[in-house]
Amino acid sequence: MRIKGKDGISRAIYVTARGRRVVVVRVFVKKAQKTPRREIDLALQRAKEVLQ
C-alpha cells in the first residue's frame, strides 16, 4: 500500500491471513526508489509470526 502523509510517502507491507483478514506487518517512510532490505526482512519475519 502507498500512503501519503505530512512526512512524505509511506509504504505498508501486508499479508492476507485466514480468509478475508488482512494484516499490516510493517509501515515505513520510503526515502529511496528501492525498498531497503532490512524493511523487507522485518516484514517477512512478522508475516511468519502472524501466519503460524
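Biologist: Why is A43 called buried?

Modeller: The relative accessible area of A43 is 4%. Buried means under 20%, and 4% falls under that cut-off, so A43 is buried. This is a predicted model, and the value is computed from it.

Biologist: Where is A43 found, and what does A43 touch?

Modeller: A43 is found in helix α1. Leaving out residues up to four places away in sequence, A43 touches I13, V25 and R26.

Biologist: How far is A43 from R11?

Modeller: Their C-alpha atoms are separated by 12 Å, and the two residues are 32 residues apart along the chain.

Biologist: How does helix α1 lie relative to the strands?

Modeller: Helix α1, residues 37-50, lies across β2 and β3. Its direction is at about 160° to β3.

Biologist: What makes β2 and β3 a pair?

Modeller: Two strands pair if there are at least two bridges between them. Strand β2, residues 8-17, and β3 have eight bridges, so they pair, and the sense is antiparallel. Within this pairing, A12 stands opposite V27 in β3, and T16 stands opposite V22 in β3.

Biologist: How do you know that β1 and β2 pair?

Modeller: The same cut-off of at least two bridges applies. β1 and β2 have four bridges, so they pair, again in the antiparallel sense. The bridge partner of G5 is G8 in β2.

Biologist: What holds paired strands together in general?

Modeller: Strands of a sheet pair through backbone hydrogen bonds, either parallel or antiparallel.

Biologist: What is the order of the strands in the sheet, and which are the edge strands?

Modeller: The sheet is open, with three strands in the order β1-β2-β3 and antiparallel pairing. The edge strands are β1 (2-5) and β3 (21-29), since each pairs on one side only. The twist averages 30° from one strand to the next.

Biologist: How many residues lie between the strands of each hairpin?

Modeller: The hairpin of β1 and β2 has two residues between them. The hairpin of β2 and β3 has three residues between the strands, and in it R18 takes a positive phi near 50°.

Definitions and conventions: Residues numbered from 1 in each chain as written. Predicted model: local features only at pLDDT ≥ 70, side-chain atom pairs only at ≥ 80, totals over all residues. Heavy atoms only, no water. Axes fitted to C-alpha atoms, helices over the stretch in contact; angles between N-to-C directions. Contact = heavy atoms within 4.5 Å. Buried < 20%, exposed > 50% of the residue type's maximum accessible area, 1.4 Å probe, protein only.
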